[in-house]
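Please look through the sequence and the model shown here before reading on.

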Amino acid sequence: MSLSERVKTSLGGVELRSPIVLAAGTAGVIDEMADVLDLSMIGAITTKSITLQPREGNDWWRILDLPGAAGMINAIGLANPGLDAFLEHACPNAAGRRGIGALPCAVIASVAGFSVDEYVKVAANIDAYSASHGGCFPLIELNVSCPNVRSGVEFGHSAGLIRELLEAVRPVVRTARLIVKLGPMTPDLPGVALAAAYAGADVLNLGNTIPAMSIDVEQRRPRIANTTGGMSGPALHPVMLKHVYETRRRLSEARPIPILATGGVLQWEDAAAYILAGASAVGVGTGLFVDPRSPITIARGLDRWIARQGRADLSALIGDLLPPLTPGRA
Ligand SMILES: Cc1cc2nc3c(=O)[nH]c(=O)nc-3n(C[C@H](O)[C@H](O)[C@H](O)COP(=O)(O)O)c2cc1C
């Protein structure tokens, strides 16, 4: 059964059939999830973050399940095939999958780098590929918030660096809309988000993992080879929810651009909370490891919620949060 029209949304002018977006790095390089998930039932896939050179990533172990359903810690270290191999081997799957047509959902190309120049080269090449292949990447996401590499995180940490990055990248991305992905540790996240919006970002993705660590006390050793990593999953949700709420308020006063909220979405209620806080779409990463088909269950749950709220569609509930109930006061 297909999804109802009620859950349609858009990000920076790109129409999405569902508000659920598969988060970067949790769904293969491009279309590997197609084997377990009907991609016509999701809004968009985000590719693995692509760097200029291929990267093996960090040593093993680099991914860890946390006890008590808190989520997981990863320190993958941006393992990816690199720009050339991505363009040659993976991109044809986005443009038209071995003769069976383009993917049935939007594809967001995620870009990472260690210098402004690297972001520029990777983003420009992917945008040019997209332009000559039917716009197969309508959105390009700049990952400026990866905690597992030494320098990638820095661009996301200050308004000045974000401006510098976007001044260089914006002019070379001629056809795709630009998403900037910021993390929960960004000092003054609403301020940096606003700087990104003024510098040409079309959409903000809030956010990425939070730096974390786990120790095996019997062995007296860190559980992952990189010692520290990034925590994702349910424990991240309340943190990002506050960031989405505050950032949306700040943006709406000055320069409103849509927010893609990412962090700890396992159930439809988690996604609904982000929508009420002001998100137009919702990323799912760790949720895919729990149940790869959760994006469909979540979209169906949202659909029923929208109907119960008596609204025509999802857009009518974006940011539509009421004040807290205070017992004893009218
Ligand atoms: C195994 C793994 C790999 C990831 N790789 C990337 C990546 O390459 N680029 C990126 O921007 N985010 C990456 N992320 C972060 C996710 O896209 C997402 O922002 C984060 O996990 C929070 O969402 P979640 O709680 O739904 O997992 C990765 C996360 C995990 C768990």
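Around the ligand, β6 (72-74), β16 (281-284) and α7 (286-290) each contribute at least two residues to the shell, where helices (H or I, at least four residues) and strands (E, at least two) are DSSP runs numbered from the N terminus. The model is a predicted one, in which local features need pLDDT of at least 70 and side-chain atom pairs count only at pLDDT 80 or more, while totals for chains, interfaces and linings use all residues. Residues are numbered from 1 along each chain as its sequence is written. The ligand is surrounded by 29 residues, of which the closest are Ala23, Gly25, Ser232, Gly285 and Thr286; a residue is near a molecule or strand if its C-beta atom, placed from the backbone, lies within 6 Å of it. Sorted by class, the shell holds 10 nonpolar, 17 polar and 2 charged residues, with Ala, Val, Leu, Ile, Met, Phe, Trp, Tyr, Cys and Pro counted as nonpolar, Asp, Glu, Lys and Arg as charged, and the others, Gly among them, as polar.

One of the shell's contributors, β16, also belongs to a closed barrel of 8 strands that runs β3-β4-β7-β8-β9-β10-β15-β16 with parallel pairing, two strands being paired if DSSP finds at least two bridges between them. Neighbouring strands of this sheet are turned against each other by 25 degrees on average, direction ignored; axes are lines fitted to C-alpha atoms, for helices over the stretch in contact, and angles run from 0 to 180 degrees between N-to-C directions. Helix α2 (residues 116-132) packs on the sheet, where α2 touches β7 (106-111) and β8 (139-143), and the direction of α2 makes about 160 degrees with that of β7; contact here requires that the C-beta atoms of two residues, placed from the backbone, lie within 7 Å.

Strand β7 can be followed from one partner to the other. Strand β4 (residues 44-46) runs parallel to β7 and is joined to β7 by 3 bridges, with alanine 44 having alanine 106 as its bridge partner. Another 4 bridges join β7 to β8, also in the parallel sense, and here isoleucine 108 stands opposite leucine 139. How many of the residues of β7 are buried? The count is 6 of 6, a residue being buried if 20 or more other C-beta atoms lie within 10 Å of its own, exposed if 12 or fewer, and partly exposed in between, with C-beta atoms placed from the backbone. In a regular strand the side chains alternate between the two faces of the sheet. In β7 both faces are covered, with Ala106, Ile108 and Ser110 buried on one side and Val107, Ala109 and Val111 buried on the other.

Isoleucine 140 touches, among others, Ala109, Val111, Ala123, Ile126 and Ile179, residues up to four places away in sequence being left out. Ile179 in turn stands opposite valine 203 in β10, where 4 bridges join the parallel strands β9 (residues 177-182) and β10 (residues 203-206).

Helix α6 (residues 268-277) is mostly covered, 8 of its 10 residues being buried, and these buried residues pack against α5 (237-254), β15 (259-262), β16 and α8 (294-308). Just after α6, glycine 278 takes a positive phi of about 125 degrees.

A second sheet, open and of 4 strands, has the order β5-β6-β14-β11 with antiparallel pairing. Its edges are β5 (63-65) and β11 (210-213), each with a single partner strand, so one side of each is left without a neighbour in the sheet. The twist averages 35 degrees from one strand to the next. Between β11 and β14 (residues 228-232) there are 4 bridges, and alanine 212 has glycine 229 as its partner.

A cis peptide bond joins tryptophan 60 and tryptophan 61, with omega about -10 degrees, and tryptophan 61 is in the loop between β4 and β5. Leucine 78, in the loop between β6 and α1 (83-95), has a positive phi of about 55 degrees although it is not a glycine, and leucine 78 counts as buried because it has 22 C-beta neighbours inside 10 Å.
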